[in-house]
Amino acid sequence: MSIKNLILHHATALFARKGFKDTALSEVSQLSGVASGTIFYHFASKENLLLAILKRVKEEIIDKFEHYKCNQKFESGFHAVQGAITYYLGLAAEMEDEFLLLHRHFLYQLAEVNPICRSHLEEIYNCLVDIIERGIVTGLEDGSIGPVEAHKTALILFSTVDGLVRFNTYGLYDTSMLYPQLVECCERMLVPQ
């Protein structure tokens, strides 16, 4: 792992677990085994380090979903939506620190004043909503999904799934036991009666 990637790895975990304000760059330096000056050399500031992390998280999530889309074939649009939701739940478990970071409030406060941060967050969430929406559109075409407004329904489904992920992320509930009910709710919402 390169020095830059090592810094990004440790800073991701610290920012996710402790928050932006409560993480000192000296902690990142110590965990990474590099001098503080090395962090400034690569990133120039703590905020730039956070933006680099967010960019890396965005690229990784988008790459994983692109790979997922290219390697999956579904018998219907409904099954594509179901698969996307299941994949998202698995990805959130696989990328625990990254999703904990995405669920931290300080990112959204920064996004209000920093267009780069806002752009990264929008691209991440647009990717996730778009894959669900594409499944809905396919389902509308193949008849596996009843008449719904594709974009709004995708937003509702994503919000529901992301809410379950947030409960897991913050350790409030073990929502894995709710996944079968989530699929049933999606089916009731989408499949024509």
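**Reading the terms**

Modeller: Of the 193 residues in the protein chain, 44% are buried. Please keep in mind that this is a predicted model.

Colleague: What makes the protein chain one of helices, and how many strands are there?

Modeller: The protein chain has 10 helices and zero strands, and from the N terminus on its elements read α-α-α-α-α-α-α-α-α-α. Along the principal axes, the C-alpha trace spans about 60 × 30 × 30 Å, and the protein chain exposes about 10200 Å², of which carbon and sulfur atoms supply 56%.

Colleague: Why is helix 5 called roughly parallel to helix 9?

Modeller: The axes of helix 5 (residues 77-94) and helix 9 (residues 150-169) come within 10 Å and cross at roughly 25°. Angles under 35 degrees count as roughly parallel, and the crossing of roughly 25° therefore makes helix 5 roughly parallel to helix 9. The crossing in which helix 5 passes helix 9 is right-handed.

Colleague: Which residues meet where helix 5 and helix 9 are in contact, and how do they divide by class?

Modeller: From helix 5, the residues Val 81, Ile 85, Tyr 88, Leu 89 and Ala 92 meet Leu 157, Phe 158, Val 161, Asp 162 and Val 165 of helix 9. By class, this contact of helix 5 with helix 9 holds nine nonpolar residues, no polar ones and one charged residue.

Colleague: What makes His 103 count as buried?

Modeller: His 103 has a relative accessible area of 4%, and buried means under 20%, so His 103 is buried. His 103 is found in the loop between helix 6 (96-102) and helix 7 (105-113). When its neighbours within four places in sequence are left aside, His 103 is in contact with Tyr 125, Asp 162, Val 165, Arg 166, Thr 169 and Tyr 170.

Colleague: Why are helix 1 and helix 3 called roughly perpendicular to each other?

Modeller: The axes of helix 1 (residues 3-18) and helix 3 (residues 36-43) come within 11 Å and cross at roughly 100°. The range for roughly perpendicular is 65 to 115 degrees, and with a crossing of roughly 100° helix 1 and helix 3 are therefore roughly perpendicular to each other. In their contact, Ile 3, Lys 4, Ile 7 and Leu 8 of helix 1 meet Thr 38, Ile 39, His 42 and Phe 43 of helix 3, and by class these residues divide into five nonpolar, two polar and one charged.

Colleague: How do you know whether Glu 59 is buried, exposed or partly exposed?

Modeller: Glu 59, which is found in helix 4 (residues 46-70), has a relative accessible area of 36%. Buried means under 20% and exposed means over 50%, so a value of 36% makes Glu 59 partly exposed. Along the chain Glu 59 and Glu 123 are 64 residues apart, and their C-alpha atoms are separated by 9.3 Å.

Colleague: What makes Ser 26 count as partly exposed?

Modeller: Ser 26 is found in helix 2 (residues 25-32), and its relative accessibility is 48%. Exposed means over 50% and buried means under 20%, so Ser 26 at 48% counts as partly exposed. Ser 26 and Ser 36 are 10 residues apart in sequence, and from C-alpha to C-alpha they are 6.3 Å apart in space.

Methods
Residues numbered from 1 in each chain as written. Predicted model: local features only at pLDDT ≥ 70, side-chain atom pairs only at ≥ 80, totals over all residues. Heavy atoms only, no water. Axes fitted to C-alpha atoms, helices over the stretch in contact; angles between N-to-C directions. Helix = DSSP H or I, 4+ residues; strand = E, 2+ residues; numbered from the N terminus. Parallel < 35°, antiparallel > 145°, perpendicular 65-115°, else oblique. Left-handed = near helix turned anticlockwise from the far one by under 90°. Contact = heavy atoms within 4.5 Å. Nonpolar A, V, L, I, M, F, W, Y, C, P; charged D, E, K, R; others polar. Buried < 20%, exposed > 50% of the residue type's maximum accessible area, 1.4 Å probe, protein only. Areas by Shrake-Rupley, 256 points an atom, 1.4 Å probe, with all protein chains shown as cover.
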